[in-house]
Structure formats: C-alpha cells, structure tokens
Amino acid sequence: MNKSQNYSPIDGARTYNALRDENMIIMAANVQIIPGVLEGIMQATKDTDSAVIFESATSECDLNGGYTGMTPKDYARFCFKTASKVKLDTWVLHADHIKIKSLSEDEISGTEDLIKAQIDAGFTSFAIDASFLFDLKAKTEKDQLRDNIDITARLAKFIKKHYINDQFGLEVEVGEIGKKDTKGMVLTTPKEAVTFLQELDKNNIKPNLIAIANGSAHGNIYKDGKEIFQSAINIKLTREVARAIRKAGFETKIAQHGITGTPLDLIAKQFPKGDILKGNVATFWRNLVWGVFKKHEPKLYKKIYNWTIKNYQNDKKSKEEIFGKNGKYAIREFYDEINAVESSTVEELKQKSYAEAKKFFKAFNSKGSAKIIRDKS
Ligand SMILES: [Zn+2]
C-alpha cells in the first residue's frame, strides 16, 4: 500500500484472467437502490477479500436515467465514492445487458453513445447483448446467429477503439435468457455457444465471458401468484457448454444471469465453479430494500407499493406478483425520497446487505480471491 492508493475499478480482463481457473464465482451485484446497500456489499467484499463486480444494465441505467433514475455517470460516481470510503481496491465496474434489439442504425449509434459514456464514466467491463437477434428460420447455427455475431463484433470493436487499453472485460450473450416457447424454456446448445465464439474469433474478438440461456430467468418468479424458489438452472447443460467451449480452445467462461431466488445451498454445492466465473445478483438487493422499507419507512413503502399497483394493475395477477415484478419502476419515481431516508434506515440497509453479501461470497467460494488478482497483476 502506498500513499497514492487507488480505489478506482480495475480492468475487467485483468480480473477475469486472474480468476479464470479458480474454483469460485465472482459475484456481480446490480445495486438499483444505493443507500446502505452499496456500502454494505463493499464492506463485506473488503472484509472477506473477495473479488466483486458492480454492474448496471441499460434498462436500469442509461443516458436518460433508466428505471433507477441513474445515468452511468451517476452509478459510477456512487461506486467510486463508496469504494474510497471503504478502501476497496479490487472491484470491477461492469455495464450489464447493453441490449440491441434491431439492426437499425439509429439504435446502434445510440448504443455506441451509451458505451462511450460508460467508458468515460470509468466502466471497466461490458456485456453486449444482441441475443434477441436470432433467425429462427435459418438452418445452420451460424446463419441463425448472423445478426448477433455482426452486432456483437461491431460493438466490441467500438469498445476496443475507445477504451484506454486492451484490458477491458467483455461479456457476450447467446440465447435470450428466460425465453420460452410452447415447449418451455429455450436453451442454448453447446454447438451454438461454440459457433458464436468461433465467429467472433474470426473478428479477433475474444470474450472473457459468455451468458447462455440455461434455464434461469431474470427477476422474481411466481407460480399461481406466489413467489417460488428458482431451481431451474440446468447444471448438466451448463457443464456441457463449458466443456465444448474449452475443447474448442477458448478461455471464455460462463456468466450466470438470474440468480435471485436460487437457494444458496444449491449454489454452494452444485453450481459448477470454474465453468461459471460470474454470477449476477440483481433483484435480490431490491427485494432486500423493500423488506427494510416496509418495516422502517412504512409511509414511503406504502406510497411505492400503491403507485406500482395502480400503474401496473392486472386482473389476472396477484398484487404480490405485480409489485414483485414492477416495483423496480418506482425507483425512479421516488428517487429523491429513497435517497433521503432516515440514517437509521440506511444503517439497517447496510447491515442487512453486509450479512447477505457475506452469504453469497461463501456460497460462491470467493473469499480471498481479491488477493489472487493483486498477486497476478
Ligand atoms: Zn441478465
């Protein structure tokens, strides 16, 4: 440690390369509501000397504020400030789901503007998600994935051109997560994942991480209007995809999306660490905040709850499900009030987030992993 100790985020590729062959998963937290939560997770990261990623998806945070009301610059500022306070030196700032849904030049150039703003704000890792672009009618994997390949390559080259060095983190996505057809979840095959990486490689794009559709879904999951645990992640398929990727000669590891609702015990015992390198936890932290608000900020909670039910009412769904799925849209609406809650509430959020983050780090086996990054760089 020297006097000019730096608490800025470190390059994504440095982190992923250092931990690529370790028996652990790096937690990636989407912190949609900052007070208490960010500091609690950062303090747990520091105390367990874990590697960690703080991320925000385009839907959560874009140039117009997304549904959290934060721009990439706002999110980065909160993260930088809190990391300095906690003295956290091994974290990655990641842009989650940079989503492209069409080939329109307007959409692509708008996305490039967003990426540029993320780079300028200090993001060190990027997930390009063009998985929606999938040609069901095409016969070969290569043709089915053509648009995804082209867009992903184009945006990755854009990042390469603008990032300060070649050590930015890159995540790509094949197979839309949570997508269903008449037979159930649509899953990524090993061949699809390998074809995708081979085609990107021809463009000299070598992603650190690949997100696949392996049975998980984003957000809270309901059955008959009641929240249920998520245990749908197909572990056998995940291992098969990882093995196929290795056999094809790639160092790319799997990024697991949609972990909220997965029992920690299952993560600890069954998640293939070493195949999965990054585990995204997003909705969990929002659920935690609502729980604390319900008890400590009942007036604000009621306003948030009623606003959500009023704006997203649906006769076919229970109130629990409507709030669980759409409460996120209230974050922006009540931004000022949420960021001005009592200091005792902030403290409660901090302590709860600290305790829960520690549980995740334990299940992910990531304690001590920050040291590996320091030693290797
Ligand atoms: Zn995701």
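This is a predicted model: local features need pLDDT of at least 70, side-chain atom pairs count only at pLDDT 80 or more; totals for chains, interfaces and linings use all residues.

Biologist: Start with α2. How many residues of α2 are buried?

Modeller: Nine of the twelve are buried, so α2 is largely enclosed by the rest of the structure. The buried ones are Val 37, Leu 38, Glu 39, Gly 40, Ile 41, Met 42, Gln 43, Ala 44 and Thr 45.

Biologist: What do the buried residues of α2 pack against?

Modeller: They pack against strands β1 (26–30), β2 (52–57) and β3, and against helices α3 (72–86), α10 and α15 (343–363).

Biologist: And how far does α2 reach from its first C-alpha to its last?

Modeller: Helix α2, residues 37–48, reaches 17 Å, close to the 16 Å expected at 1.5 Å a residue. After α2 comes Asp 49, with a positive phi near 50 degrees.

Biologist: Where else is phi positive in a residue other than glycine?

Modeller: His 97 has phi near 40 degrees, and Asp 224 has phi near 50 degrees. His 97 sits in strand β3, while Asp 224 is in the loop between β9 (222–223) and β10 (226–227).

Biologist: Is His 97 buried or exposed? And Asp 224, buried or exposed?

Modeller: His 97 has 24 other C-beta atoms within 10 Å, so it counts as buried; the cut-off for that is 20 or more. Asp 224 has 7 within 10 Å and is therefore exposed, the limit there being 12 or fewer.

Biologist: Switching to α6. What is its span?

Modeller: The 17 residues of α6 (146–162) should span 24 Å at 1.5 Å a residue, and the end C-alpha atoms are 25 Å apart, which agrees.

Biologist: Which residues of α6 are buried, and what covers them?

Modeller: In α6, Asn 148, Ile 149, Ile 151, Thr 152, Ala 153, Leu 155, Ala 156 and Ile 159 are buried. Their cover includes strands β3 (91–99), β4 (125–129) and β5 (169–174), along with helices α4 (105–121) and α7 (190–202).

Biologist: What about the largest nonpolar core? Which residues touch the most other members?

Modeller: That core has 100 residues, and those touching the most other members are Ile 26, Met 27, Val 31, Val 37, Phe 126, Ala 193 and Ile 210. In soluble globular proteins, nonpolar side chains tend to be buried together.

Biologist: Take Met 27. What does Met 27 touch, not counting residues up to four places away?

Modeller: Met 27 touches Val 52, Ile 53, Gly 279, Val 281, Phe 360, Phe 361, Phe 364 and Ser 366.

Biologist: Now the pair α11 and α12. At what angle do they pack?

Modeller: Helix α11 (298–311) and helix α12 (319–326) pack at about 100 degrees, with their axes 9 Å apart. They are therefore roughly perpendicular to each other.

Biologist: Which residues make the contact?

Modeller: From α11 there are Tyr 305, Thr 308 and Ile 309, and from α12 Lys 319, Ile 322, Phe 323 and Asn 326. By class, the contact has four nonpolar, two polar and one charged residues.

Biologist: Last one, Leu 288. Where is it found?

Modeller: Leu 288 is in helix α10, residues 283–296. With 19 other C-beta atoms within 10 Å, Leu 288 is partly exposed.

Biologist: What is Leu 288 in contact with, leaving aside neighbours within four places in sequence?

Modeller: Leu 288 is in contact with Lys 352, Ser 353 and Glu 356. Leu 288 and Ala 232 are 22 Å apart, C-alpha to C-alpha, and 56 residues apart in sequence.

Methods:
Residues are numbered from 1 along each chain as its sequence is written. Axes are lines fitted to C-alpha atoms, for helices over the stretch in contact, and angles run from 0 to 180 degrees between N-to-C directions. Helices (H or I, at least four residues) and strands (E, at least two) are DSSP runs, numbered from the N terminus. Angles under 35 degrees count as roughly parallel, over 145 as roughly antiparallel, 65 to 115 as roughly perpendicular and the rest as oblique. Two residues are in contact if their C-beta atoms, placed from the backbone, lie within 7 Å. Ala, Val, Leu, Ile, Met, Phe, Trp, Tyr, Cys and Pro count as nonpolar, Asp, Glu, Lys and Arg as charged, and the others, Gly among them, as polar. A nonpolar core is a set of buried Ala, Val, Leu, Ile, Met, Phe, Trp, Tyr and Cys residues joined through C-beta atoms within 7 Å. The expected span of a helix is 1.5 Å times one less than its number of residues.
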